[in-house]
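This report describes the architecture of one protein chain for a reader who has the sequence and the coordinates at hand.

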Amino acid sequence: MLNKIKSVILFPFNLCLKLIPKSFHYKVEILLENLLSYVKKSFSSHDEIVNLKIGSTNFSLKARKNNLQAHTVYKKMRNEDSIYELSILTCLKSILDKTFENKNLFLDIGSFIGYYTCFVAKYKKEKIDIISIESNPDFSTDIEEAIKINGITNVKVINETLSDKNSRQYIYREMSIDAKNLENNDLDKNLYNNFKKYGFLKNSITLDSLNIEFDKYNNSNIMKIDAHGAEAKILSGAKNLLQNIDYILLELHTDRDIEVYSPGYSKKQVIENLINQNFNCYLVSPHADIRTKLRNMDKFKNEYFSYKKKFEYISIKKDMIDKILFDRNLSDIFILCLKSDILITELSCFN
């Protein structure tokens, strides 16, 4: 029925588009992009509880008023029966299936509104401790509300900005940037203005300074990190903590993002540092890049999530980093990091 309605609407629309002279095509594209942006903003102008089901796991998230990303991403999941960041979530589930028992820890770095935090808590039915770290106080509040809605009791939410040292940071939405670097950076003009107008200053801390009591946990502790380019400086400030982590699910952003949000670091350096800290690193695909779009991952989401269809991976050695990253800087990539005594083939999502 929905496809029929879509066809009825698109037919006259396509006819109208064909009548537009080529010299006006670009202007029409801009007009439609602005119209779509307006529609998205209009549809996100209210608080909403989004109920999700991934496999057999049900949980709810709080999409705050005007949080365009939360409304766009998670309402799409609900409406289109898709799985956000399918490769990362499936690998995480595979690790949970293999290793996690009582007295283990899941660190969710860059939690946003708690997608991974709530999934892990509900999937493991509180058989694991979770620390959820988010820099934005509004999003931290949304995580805490989601925890209450889901009846979760094993999550600690920490509203802190992470870096490689104590410094002043500008926080805007889910992003943080060194205050002293904001003026010296050639940020997109709109983004710069938003940092100045809507951002706020906050002192950063390091992961090591949290002094997490790992003695009460067994092995097989896991970290997921998605920090929009700040991952390089965050990991640099976690050398002691990483000795107690066995699995890292790392969304590694572009060199441009890292240059802006982790000045002085690069993607290559991030991977080298992890290898030096006794991790084997693997590039996992498909993920959220151009090649993924061509593969239409959503068509196979259930096959991936149930391990019937396997993800591909490339083992990253120090002398191969430049070659592997050469044509992979147009979008974020997923790097799975395993302590050297763990085989990637032990995880069910791989062959």
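Strands, as the word is used here, are DSSP runs of E with at least two residues, numbered from the N terminus. Leu 338 is found in such an element, strand β14. The model is a predicted one.

**The sheet and its helices**

The strand that holds Leu 338, β14, belongs to an open sheet of 8 strands with mixed pairing, whose order is β5-β4-β3-β10-β11-β14-β12-β13. Two strands stand at the edges, β5 (155-158) and β13 (312-316); each has a single partner strand, so one side of each is left without a neighbour in the sheet. From one strand to the next, the twist averages 20 degrees.

Within this sheet, β10 (residues 222-225) and β11 (residues 247-252) pair in the parallel sense over 4 bridges. Met 223 stands opposite Ile 248 in β11.

Helices lie across the strands. Helix α5 (residues 115-123) lies across β3 (105-109), β4 (129-133), β5 and β10, and runs at about 160 degrees to β3. Helix α11 (residues 267-276) lies across β11, β12 (279-285), β13 and β14 (333-339), and its direction makes an angle of about 175 degrees with β11. Asn 273 is a residue of helix α11, and it is partly exposed at a relative accessible area of 29%. Between Asn 273 and Met 175 there are 98 residues of separation in sequence and 23 Å in space, C-alpha to C-alpha.

Leu 338 in strand β14 is buried, its relative accessible area being 0%. Leaving out residues up to four places away in sequence, Leu 338 touches Asp 246, Tyr 247, Asn 278, Phe 279, Asn 280, Tyr 282, Leu 343 and Ile 344. The C-alpha atoms of Leu 338 and Gln 169 are separated by 31 Å, and the two residues are 169 apart along the chain.

**The nonpolar cores**

The largest nonpolar core has 53 residues, of which Tyr 74, Tyr 115 and Leu 336 touch the most other members. Helix α4 gives the most to this core, with 7 residues. Apart from it lies another core, of 52 residues, including Leu 105, Tyr 170, Leu 187 and Leu 252.

Which residues does Tyr 74 contact, leaving aside its neighbours within four places in sequence? They are Val 50, Leu 52, Leu 61, Tyr 84, Phe 112, Ile 113 and Tyr 115.

**Aromatic rings**

There are 15 aromatic pairs in the structure. One of them joins Tyr 74 and Tyr 84 in an edge-to-face arrangement, with 5.9 Å centre to centre and 80 degrees between the planes. Tyr 74 lies in helix α3 (residues 68-80) and Tyr 84 in the loop between α3 and α4 (86-99), so the pair ties together parts that are 10 residues apart in sequence.

Lysine side chains lie over the faces of two phenylalanine rings, as tabulated below.

| Lysine | Ring | Distance from the ring centre |
|---|---|---|
| Lys 93 | Phe 305 | 4.6 Å |
| Lys 309 | Phe 300 | 4.8 Å |

**Backbone features in loops**

Is Phe 112 buried or exposed? With a relative accessible area of 8%, Phe 112 is buried, because the limit for that class is under 20%.

Asn 211 likewise is not a glycine and has a positive phi, of about 50 degrees. The loop between β9 (200-205) and β10 contains Asn 211, which counts as exposed at 61% relative accessibility.

The peptide bond from Ser 285 to Pro 286 is cis, with omega near 0 degrees. Pro 286 is placed in the loop between β12 and α12 (290-295).

Notes: Residues are numbered from 1 along each chain as its sequence is written. This is a predicted model: local features need pLDDT of at least 70, side-chain atom pairs count only at pLDDT 80 or more; totals for chains, interfaces and linings use all residues. Side-chain values use heavy atoms; hydrogens and water are left out. Rings of Phe, Tyr and Trp (its six-membered ring) pair if their centres lie within 6.5 Å; planes under 30 degrees apart count as stacked, over 60 as edge-to-face and the rest as tilted. A charge sits over a ring if NZ of Lys or CZ of Arg is within 6 Å of the ring centre and within 35 degrees of the ring normal. Two strands pair if DSSP finds at least two bridges between them. Axes are lines fitted to C-alpha atoms, for helices over the stretch in contact, and angles run from 0 to 180 degrees between N-to-C directions. Contact means heavy atoms within 4.5 Å. A nonpolar core is a set of buried Ala, Val, Leu, Ile, Met, Phe, Trp, Tyr and Cys residues joined through side-chain atoms within 4.5 Å. Buried means under 20% relative accessible area, exposed over 50%, partly exposed in between (1.4 Å probe, protein chains only).
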